[in-house]
Amino acid sequence: MDNNTGFHFDLTMYVNIGFYRYPAFVVSLMLFAIILFANLAIILVVSLERTLHEPMYLFIALLSVNSLYGSTGFFPRFLLDLLSDTHLISRPACFTQIYIIYTYASYDLTILSIMAYDRYVAVCDPLHYHNKVTPKTVCRLAAFAWICPAFSIGLCVYLAVRLPLCGNKLKKVYCAIWNIAKLSCVSTSTNNVVGFLVTSITIILPLIYVLYTYFRIILVCRKNSSEFKSKVFQTCLPHTILFVSYSVSGFCDIALNRLNDESLNPLFAVILSLEFVIIPPLLNPLIYGLKLPEIQRNIFKDRARTLHYRDLPLPEPPLHVLSDLHQPSWIVTSSSPLHLFWVSITSLSLRFPALIAALT
């Protein structure tokens, strides 16, 4: 290989869509903006509202932080490639992207597993909930959710970096360890064994544990009233939807790596690749965060409230904004995720001037 390809990987799965690359760029940029603002809205609401400083909402905020982390590791490069005629990425940038995307995926599963434990204790052992899920326990679980995947994925990336490669073409829209291992000039048995162990720890074990907790929750619900079942259903449904959607997206990405790329439609292969990094960060705030009544109530509050800057004056918003925020008939009762997202951004935007003025 020459010097140009020796230090760069070529992402070959991009479909040549000609002029339509510009509409695709606009749509992708809008999705990136929605993911950023929606997850930022959840983080700010949970951070600024004392009543939401509980384990369940803190874990939701962790999910949003992880969504921002994963999206910023994928979208900037993806948007650049949409407008570019060549899709070369340097080795350091490629392995950095691998680390970010793979740790993002692992963080999501570990955080969802911790949330399953939180729901399990709340439903199956409510009298001892505050003794078991203490602030110290929450901090330890959060540290475990971040530290364990960071080291396990770091080991996989280290082994991939050491491989001597006999090519530079990756059939992917972003860098992936499996695709790089296919280019290896030597045996990858060690990488395969370590990869299997890491997959078992970060994917299979969390999946088994989540299924176990929901099996126990179902057993408890069978012995209780319909009102109790309704409350449990309202609390656990968002977690179930998010976990299933993430599992399906992850399965599609894993299956795409194992299938024969030549037999797949290029556009279909691109969609499968994008589903893994777009759907979970988009669904997290729209399904899990904004659909919870407690978060909805705090989002719909039109007056700016902060924990440390309540005495700071706010600039008067435009009259049309106030009129939109004070319509109690249908706006407050609406449950559309897109509507909730819009109201959350409108409400939070009124708080930013005071926060910025206080911090400067």
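Predicted model: local features only at pLDDT ≥ 70, side-chain atom pairs only at ≥ 80, totals over all residues.
1. Start with the salt bridges. The whole structure holds 5 of them.

2. D10 and K169 join their side chains in a salt bridge, with N to O at 3.5 Å. This pair ties together distant parts of the chain, 159 residues apart. D10 sits in strand 1 (residues 8-11), and K169 sits in strand 3 (residues 169-170). D10 is buried, because its relative accessibility is 17%. K169 is exposed, at 52% relative accessibility.

3. R77 and D81 form another salt bridge. Their closest N and O atoms are 3.1 Å apart. Both residues belong to helix 3 (residues 55-82). They are 4 residues apart, so about one helical turn separates them. R77 is partly exposed, at 21% relative accessibility. D81 is buried, with a relative accessible area of 2%.

4. D125 and K132 also meet through their side chains in a salt bridge, at 2.8 Å from N to O. K132 is partly exposed, with a relative accessible area of 39%.

5. Now look at T110 in helix 4 (residues 91-124). Its side chain reaches the backbone oxygen of A145 at 3.2 Å. T110 counts as buried, because its relative accessibility is 7% and the cut-off for buried is under 20%.

6. Finally, turn to the surface. R216, R222, K223 and K229 gather there in a patch of positive charge. R216 lies in helix 8 (residues 189-222). R216 is partly exposed, with a relative accessible area of 30%.

Definitions and conventions: Residues numbered from 1 in each chain as written. Heavy atoms only, no water. Patch = residues over 30% accessible without salt bridge, like charges linked within 9 Å, V, L, I, M, F, W, Y side chains within 5 Å. Areas by Shrake-Rupley, 256 points an atom, 1.4 Å probe, with all protein chains shown as cover. Salt bridge = Lys/Arg side-chain N within 4 Å of Asp/Glu carboxyl O. Lys, Arg positive; Asp, Glu negative; His and termini not counted. Charge placed at Lys NZ, Arg CZ, Asp CG, Glu CD. Helix = DSSP H or I, 4+ residues; strand = E, 2+ residues; numbered from the N terminus. Buried < 20%, exposed > 50% of the residue type's maximum accessible area, 1.4 Å probe, protein only. Polar contact = N/O pair within 3.5 Å; in protein donor to acceptor, adjacent residues only side chain to side chain.
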